[in-house]
Amino acid sequence: MREITKGRDTTACTLTWMFYLLCLHPDLQKEIQEEIDQKLPASQPMGAAELAHGNVPKLHALLYETLRLYPPVPFDDKVCMEDDELPDGTKIPKGTHMAFVPYSQGRDPELWKNPEKVDLSRWIPFKVPSPYDFPVFQAGPRVCLGMDMAIFEAKLAAATLLREYSFTLAPGEAEKITYSLMITMSLCNNKDQTSHELNVIPTRRVKKA
């Protein structure tokens, strides 16, 4: 169950928040659709090479902005298995619980200029961020084994949908959106935390001949 939650819920959370951002920023949605039309035409299969950051830099950047602002696991903790010491000299006794908060780190103005702004230029050209500044996939010797698969999966799903449809939020939806208080940061659209839906209106795109 734990592995299913890691692989399914986290990617689903990321895609939901990605499409939320696309709906909030229609000009950005149009830019990414233009990139997809140019680099990923319908006649072409989408594999790892086609979805690499060098081929679709804007789509890749949007994914990383989504992960920065809405990390699927916003809070995590570890247990120290033996006495240790942090780089600043702080002693950590065995058995200590240590927490880190990717949600806060992704919005830290000391790490990110204008952190609340969706800015694709942060990731173009793409440079792999330090996992200690951007711990969405953990850091150290036990980084997420499914990281590359999750990144590929999210871009594949997003490109497949954006190739054919444009999306807008349903009327009144924007005012309802908040995040859940579960282990994974699902989107919520009601106050009692019982609905995790993002209600959008898809419109089939009319492409130029």
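Reader: In which loop is Asn114 found?

Author: The model is a predicted one. Asn114 is found in the loop that runs between helix 4 and helix 5.

Reader: Why is Asn114 called partly exposed?

Author: Buried requires a relative accessible area under 20%, and exposed requires one over 50%. Asn114 has 48% relative accessibility, and therefore counts as partly exposed.

Reader: What is noted about the phi of Asn114?

Author: Phi of Asn114 is near 45°, a positive value in a residue other than glycine. Gln193, which is not a glycine either, has a positive phi of about 65°.

Reader: Where is Gln193 found, and why is Gln193 called partly exposed?

Author: Gln193 is in the loop between strand 7 (187–188) and strand 8 (200–204). Its relative accessible area is 26%, which falls between the limits of 20% and 50%, so Gln193 is partly exposed.

Reader: Which peptide bond is cis, and what is its omega?

Author: The bond that joins Ile124 and Pro125 is cis, with omega at about -5°. Pro125 lies in the loop between helix 4 (102–105) and helix 5 (147–164).

Reader: What makes helix 3 mostly covered?

Author: Eleven of the 13 residues of helix 3 are buried, and buried means under 20% relative accessible area. Among them are Leu59, His60, Glu65 and Arg68.

Reader: How does the reach of helix 3 compare with the expected span?

Author: Helix 3 (residues 57–69) reaches 18 Å from its first C-alpha to its last, close to the 18 Å expected at 1.5 Å a residue.

Reader: How do you know that the radius of gyration agrees with that of a compact globule?

Author: For 209 residues, a compact globule would have a radius of gyration near 17 Å; the protein has 19 Å, which agrees. The C-alpha trace spans about 65 × 40 × 35 Å along its principal axes.

Reader: What share of the residues is buried?

Author: Buried residues make up 38% of the 209 residues in the protein.

Conventions: Residues numbered from 1 in each chain as written. Predicted model: local features only at pLDDT ≥ 70, side-chain atom pairs only at ≥ 80, totals over all residues. Heavy atoms only, no water. Rg over C-alpha atoms; globule rule 2.2 N^0.38 Å. Buried < 20%, exposed > 50% of the residue type's maximum accessible area, 1.4 Å probe, protein only. Helix = DSSP H or I, 4+ residues; strand = E, 2+ residues; numbered from the N terminus. Expected span 1.5 Å × (residues − 1).
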